Amino acid sequence: MRSVLIAFACGLVFALGLGLSGMVDPRNVLAFLDLAGAWEPNLMLVLGGAVGVYALGARQVLAWPRPWDGLRFQLPTRRKLDPRLLIGAAMFGVGWGLTGLCPGPALVGFVGGSADIWIFVAAMLVGMAGFSLFNRVAPAR
Amino acid sequence: MQLLPLLASLAGGLLIGAASLGLLALSGRVAGISGIVGGLLPPQRGDLDWRLGFLAGLLGGGLLLQALVGLPDGVSGSRAVLIVGGLLVGFGTRLGNGCTSGHGVCGIGRASPRSFAAVLTFMSFGFLTVFLTRHMFGGLL
């Protein structure tokens with residue numbers, strides 16, 4: 001139960017951060033991605049602020065023997081660049097640029113009642129489930 | 001450029017970083033939205049509750065935002081673009097092991113080379129896609 005409450009609280013604060021930063025509005029994201037237009041640098045501050053806090057804190061936290069409510073830290077172990085990483089990131093970048101939506105803001109925006117965002121989220125979940133099928137046929141080495 | 005939106009962006013970023021750091025320190029997990037949600041498709045026994053808790057937090061945060069400041073009521077672009085974009089974001093983030101949060105915040109925050117490569121790739125393709133859709137083939141989509 002404690003792990004659920006922790007996750008809930010982190011998800012809630014995460015969503016509020018997305019809202020305060022303006023990331024939930026795809027127009028702001030597209031304005032950031034539009035280098036040749038009226039470029040809005042705000043997203044650099046969002047990312048910079050988030051990475052700054054995380055980098056400073058993670059250095060302390062990862063020196064602990066274990067997380068406060070867990071047996072061990074569960075971090076990605078893969079180190080090498082591979083085609084999957086780059087092709088996946090490229091596909092994500094195209095979808096992000098087409099819509100101005102990435103998974104977090106889309107899910108937060110989901111409760112706002114916009115049919116556009118519902119359609120996007122439905123397609124995104126289909127894409128994720130589709131990957132699970134694909135990964136069963138062609139698992140990563 | 002106005003000061004207030006820039007400060008809001010920075011403050012929002014700090015909150016996102018704090019929420020992600022909280023999940024690492026308390027539960028030892030990476031706050032990657034695509035990974036957290038994608039791990040529910042299909043659901044795995046024993047690994048369900050914290051994912052649902054985080055998702056509930058995101059949606060709950062969305063409801064708070066909707067009540068306090070409102071959420072975006074639509075996305076520019078046709079339904080076909082939303083569907084293609086959603087499929088690409090869903091499949092691509094799973095294939096590439098992360099999105100703006102997992103790679104952009106947590107991965108960069110831990111100085112992971114894979115995340116640097118992923119962020120460079122999805123940002124580049126995001127910039128390129130917006131350039132093509134807004135400045136080369138504007139109005140076609």
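**A guided tour of the two-chain model**

Begin with both chains displayed: 102 residues of chain A are in contact with 98 residues of chain B. The model is a predicted one, and the tour starts at this interface before turning to the separate chains.

**Stop 1: the side of chain A that touches chain B**

Select the contact residues of chain A. Helices H1 (2-21), H2 (26-33), H3, H4 (83-99), H5 (103-109) and H6 (115-137) of chain A each contribute at least two residues to this side. Which helix gives the largest share? It is H1(A), with 19 residues. Colouring the side of chain A that touches chain B by residue class gives 66 nonpolar, 27 polar and nine charged residues.

**Stop 2: H4(A) against H4(B)**

Next, select residues 83-99 of chain A, which form H4(A), together with residues 79-95 of chain B, which form H4(B). Two packed helices are described by the angle between their axes and the distance between the axes. Here the angle is about 155° and the axes are 7 Å apart. H4(A) is therefore roughly antiparallel to H4(B), an angle over 145 degrees being counted in that way. The handedness of the crossing of H4(A) and H4(B) is left-handed.

Side chains may now be shown for the residues that meet. On H4(A) they include A:Arg84, A:Ile87, A:Met91, A:Phe92, A:Trp96 and A:Leu98. On H4(B) they include B:Val81, B:Leu82, B:Leu88, B:Val89, B:Phe91 and B:Leu95. Glycines take part as well: A:Gly88 and A:Gly95 are among the residues of H4(A) in this contact, and B:Gly85, B:Gly86 and B:Gly92 are among those of H4(B). Sorted by class, the contact of H4(A) with H4(B) comprises 14 nonpolar, seven polar and one charged residues.

**Stop 3: H3(A) against H1(B)**

The crossing of H3(A) and H1(B) is right-handed. Their contact holds 18 nonpolar and ten polar residues, and no charged ones.

**Stop 4: along H1(B)**

Then step just past H1(B) to B:Gly28, where phi is positive, at about 75°.

**Stop 5: each chain by itself**

Chain A has six helices and zero strands, and its C-alpha trace spans about 50 × 40 × 30 Å along the principal axes. Of the 141 residues in chain A, 50% are buried. For contacts in chain A between residues at least 6 apart in sequence, 43% join residues at least 24 apart.

Chain B has six helices and zero strands, which run α-α-α-α-α-α from the N terminus. The C-alpha atoms of chain B fill a box of roughly 45 × 35 × 30 Å along the principal axes. Buried residues account for 55% of the 141 residues of chain B. Among contacts in chain B between residues at least 6 apart in sequence, 48% link residues at least 24 apart.

Technical notes
Residues are numbered from 1 along each chain as its sequence is written. Chains are lettered from A and ligands numbered from 1 in the order in which they are written. This is a predicted model: local features need pLDDT of at least 70, side-chain atom pairs count only at pLDDT 80 or more; totals for chains, interfaces and linings use all residues. Helices (H or I, at least four residues) and strands (E, at least two) are DSSP runs, numbered from the N terminus. A residue is buried if 20 or more other C-beta atoms lie within 10 Å of its own, exposed if 12 or fewer, and partly exposed in between; C-beta atoms are placed from the backbone. Two residues are in contact if their C-beta atoms, placed from the backbone, lie within 7 Å. A crossing is left-handed if the near helix is turned anticlockwise from the far one by less than a right angle, and right-handed if clockwise. Ala, Val, Leu, Ile, Met, Phe, Trp, Tyr, Cys and Pro count as nonpolar, Asp, Glu, Lys and Arg as charged, and the others, Gly among them, as polar. Axes are lines fitted to C-alpha atoms, for helices over the stretch in contact, and angles run from 0 to 180 degrees between N-to-C directions. Angles under 35 degrees count as roughly parallel, over 145 as roughly antiparallel, 65 to 115 as roughly perpendicular and the rest as oblique.
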